[in-house]
Amino acid sequence: MSKVYINKHPLVQHKISILRDKNTGTNEFRSLVGEIAMLMGYEALNDLPTEEVEVETPLEKCMTEMISGRKMAIVPILRAGLGMVDGILQLVPASKVGHIGLYRDEETHTPVEYYCKLPSPIEERIIVVTDPMLATGGSAIDAISQIKKHGGKKIKFMCIIAAPEGLKALEEAHPDVQIYVGHLDRQLNSDAYICPGLGDAGDRIFGTK
Ligand code: PRP
Ligand code: URA
C-alpha cells in the first residue's frame, strides 16, 4: 500500500485552523496555502537524492551534498492546486511545473479533464502533485493516472485536507504513490464536500463565487 504521512506539526495545524475559518479573506487564505505547502514540502522532500560535490569555502576545498538527478516536477491540479506551487518552488526553485486541469461535475462529483501539459521527459523526475483538497479522491486518482500514462513513475501527492473516503480510494488506486496530508478530516457530506473542511478551496484562493 501507499505510504501515507499525516502531518502533526503545530505550525501546520495552526495555519490550517485559520484556513478553516469562514471569516478568513482571500489574501490571507492564499498566503496561508502557500506557507502550508512550503512547510509540508520540507517534510515531503526529505528523501530527495543528493550527491557529493566539491566546493571551495573561503578556507579550503570540501566535499559537500547537493540535490542530484533530473529537475523535480511540480504538477498542480487546476485550479486550487496552483495555490501550493509557489511554496514548493521556494524550496526547490529549479523545479519544472506541469499542469493538469480537472473540475468536478457538480451533479456526479466525478472529475472532468480539460488540460494536461507536463514537463518532458517526465520518466526520471520526482513528481509532486498538489491539490489542497482530497475529497472523493476522483480528481487525484485521474490526475495521477494521466501522469503515469505520460510515463511518470516517482510520484508524491500533497494535500492540505483529506477525507477518509478519498484517502482510501487514492491508496487503493495508486499504491505506489507517497501521500502527504496536512489534516485528515471526519467525512464527506452528501455533496461530497469535506467536513469540517474549509469549503471550496478554489473559490477561496481565487476569490470567486
Ligand atoms: C476541488 C479540489 C480538488 C477536487 C477534490 O476542485 O481542488 O481538485 O475538488 O474533489 P475530489 O477528491 O472529490 O475529486 P474543483 O473540482 O472544485 O475545481 P477547482 O479547483 O477548479 O475549483
Ligand atoms: N473540493 C473542495 O474545494 N472542497 C471540498 O470540501 C471538496 C472538494
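Where does ligand 1 sit? Ligand 1 sits in the largest pocket.

## Basis of the description

This is a predicted model, in which local features need pLDDT of at least 70, side-chain atom pairs count only at pLDDT 80 or more, and totals for chains, interfaces and linings use all residues. Residues are numbered from 1 along each chain as its sequence is written, chains are lettered from A and ligands numbered from 1 in the order in which they are written, and side-chain values use heavy atoms, with hydrogens and water left out.

## Ligand 1

A pocket, on a 1 Å grid over the protein atoms alone, is an open set of points where a 1.4 Å probe fits, with protein on both sides within 12 Å along at least five of seven lines. A molecule sits in a pocket if more than half of its atoms lie within 2 Å of its grid points.

Of the 15 residues around ligand 1, Arg104, Asp131, Thr136, Gly137 and Ser139 come nearest; a residue is near a molecule if one of its heavy atoms lies within 4 Å of it. Polar contacts are pairs of N or O atoms within 3.5 Å. A polar side-chain atom of aspartate 131 is 2.4 Å from an oxygen atom of ligand 1. For threonine 136, a polar side-chain atom lies 2.5 Å from an oxygen atom of the ligand, and for serine 139 the distance from such an atom to a ligand oxygen is 2.5 Å. Of the 500 Å² of accessible area that ligand 1 has on its own, the protein covers 90% (Shrake-Rupley method, 1.4 Å probe).

Strand E6 (99-104), strand E9 (133-134) and helix H4 (138-149) are the elements that give two or more residues to the shell around ligand 1. Helices (at least four residues) and strands (at least two) are DSSP runs.

## Ligand 2

Ligand 2 also sits in the largest pocket. Its surroundings include Arg104, Met133, Tyr193 and Asp200. The shell divides into six nonpolar, one polar and two charged residues, where Asp, Glu, Lys and Arg count as charged and Gly is among the polar ones.

Backbone atoms meet this ligand: a polar one of isoleucine 194 is 2.8 Å from a ligand 2 oxygen, and one of glycine 199 is 2.8 Å from a ligand 2 nitrogen. The protein covers 89% of the 240 Å² of accessible area that ligand 2 has on its own.

## Aromatic pairs

The whole structure holds two aromatic pairs, meaning rings of Phe, Tyr or Trp (its six-membered ring) with centres within 6.5 Å. Tyrosine 5 and tyrosine 180 are stacked, because their ring centres are 4.7 Å apart and their planes are at 5 degrees; planes under 30 degrees apart count as stacked. Tyrosine 5 is in strand E1 (residues 4-6) and tyrosine 180 in strand E11 (residues 178-184), 175 residues apart, and the pair links these distant parts of the chain.

Notes
A polar contact is a pair of N or O atoms within 3.5 Å; within protein, one must be able to donate a hydrogen and the other to accept it, and residues adjacent in sequence count only if both atoms are side-chain atoms. On a 1 Å grid over the protein atoms alone, a cavity is a set of points where a 1.4 Å probe fits but cannot get out, and a pocket is an open set with protein on both sides within 12 Å along at least five of seven lines; lining residues have an atom within 4 Å of a point. Rings of Phe, Tyr and Trp (its six-membered ring) pair if their centres lie within 6.5 Å; planes under 30 degrees apart count as stacked, over 60 as edge-to-face and the rest as tilted.
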